[in-house]
Amino acid sequence: MMNILNGGKHADNCLDFQEFMIMPIGAPTFAEALRYAAETFHTLKKILRSRGYSTGVGDEGGFAPNLEGNEKACEFIIEAIEVAGYKAGQDIAIALDPAASSFYENGTYNLIKSGQGKKTSAELTSLYKNWMGKYPIVSLEDGLDENDWDGFREQTAALGDMIQIVGDDIYVTNTQYIGRGIAEHTTNAALIKLNQIGTVTETIEAIHLCRKAGWGYVISHRSGETEDTFLADFAVAMGGGQIKTGSTSRSERIAKYNRLLEIEMELGKSAIFDNPLRVSNDR
């Protein structure tokens, strides 16, 4: 999951949603997946610059232009995918991390930065469903507030057969919360952050819970990253097929991608590259 457009608390712009990411779901190898994503990222930069937008980057290396609303971000991403020579939904799909807790106020979701006003849980889920009809979205992380357990359950019931619903803030890599989520069908995937729970052992226990439940799991970086590359090795060792570690514009992000390239080369013909979301989004 490569973060290519930033909003929310990660950028001083008009986007309420925090991360707009791309996933090279059609790539045959990791090296090709990285090429697909990097070429799309740099194509997006050229498009933004040609339209007069800023190409400065946010906390995780994605561009942070002052676009005219959240949906415009998806439109630019689709354009970048196509101009780069790829097929949206077949070669590259979209993953979202709205980080909805950041705009949750007194029981409603206030999309104040884009001027879309306040929405209930059901209305926000309806917005995501509407987007799914327009854009090749395959994963939605933190689409609701971290304490909105009922809303998450309803969202998963409505959208979970079509896309991956990922819980981050609601679980914080804690087995107790993940166990509750499994029992209540709160999501169908979890974000896994090693230093969120504290130890490698606890992190692996959280992953084991996800595996047992048939959930997806995404090994993830943090906003305040270093150039340590353990995350890349850990993602391969855990075999979940998904890693979230930022864009290709900051060294602490690129370090992980470079390590994954090394691992693929070291494994040679024994390397298995697969993405659990490798499906054509034809909605």
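The model is predicted, so to speak of local features we need pLDDT of at least 70, and side-chain atom pairs count only at pLDDT 80 or more, while totals for chains, interfaces and linings use all residues. Residues are numbered from 1 along each chain as its sequence is written, and side-chain values use heavy atoms, with hydrogens and water left out.

Side chains of opposite charge can pair when their charged atoms come close. A salt bridge here is a side-chain nitrogen of Lys or Arg within 4 Å of a carboxyl oxygen of Asp or Glu. Searching the whole structure gives 18 of them.

I begin with Lys244. Its salt bridge with Glu19 has the closest N and O atoms 3.3 Å apart. That pair links distant parts of the chain, with Lys244 in strand E11 (residues 243–244) and Glu19 in strand E2 (residues 19–23), 225 residues apart. Strands are DSSP runs of at least two residues, helices (H or I) of at least four, numbered from the N terminus.

Lys244 also forms a salt bridge with Asp97, at 3.1 Å between the closest N and O atoms. Asp97 lies in strand E3 (residues 93–97), 147 residues from Lys244.

Are these residues buried or exposed? Lys244 and Glu19 are both buried, where buried means under 20% relative accessible area, exposed over 50%, and partly exposed in between (1.4 Å probe, protein chains only). Asp97 counts as buried because its relative accessibility is 3%.

Glu19, Asp97, Glu141 and Lys244 are linked in a network of salt bridges.

Elsewhere, Asp168 and Lys193 form a salt bridge at 2.9 Å, N to O. Both residues are buried.
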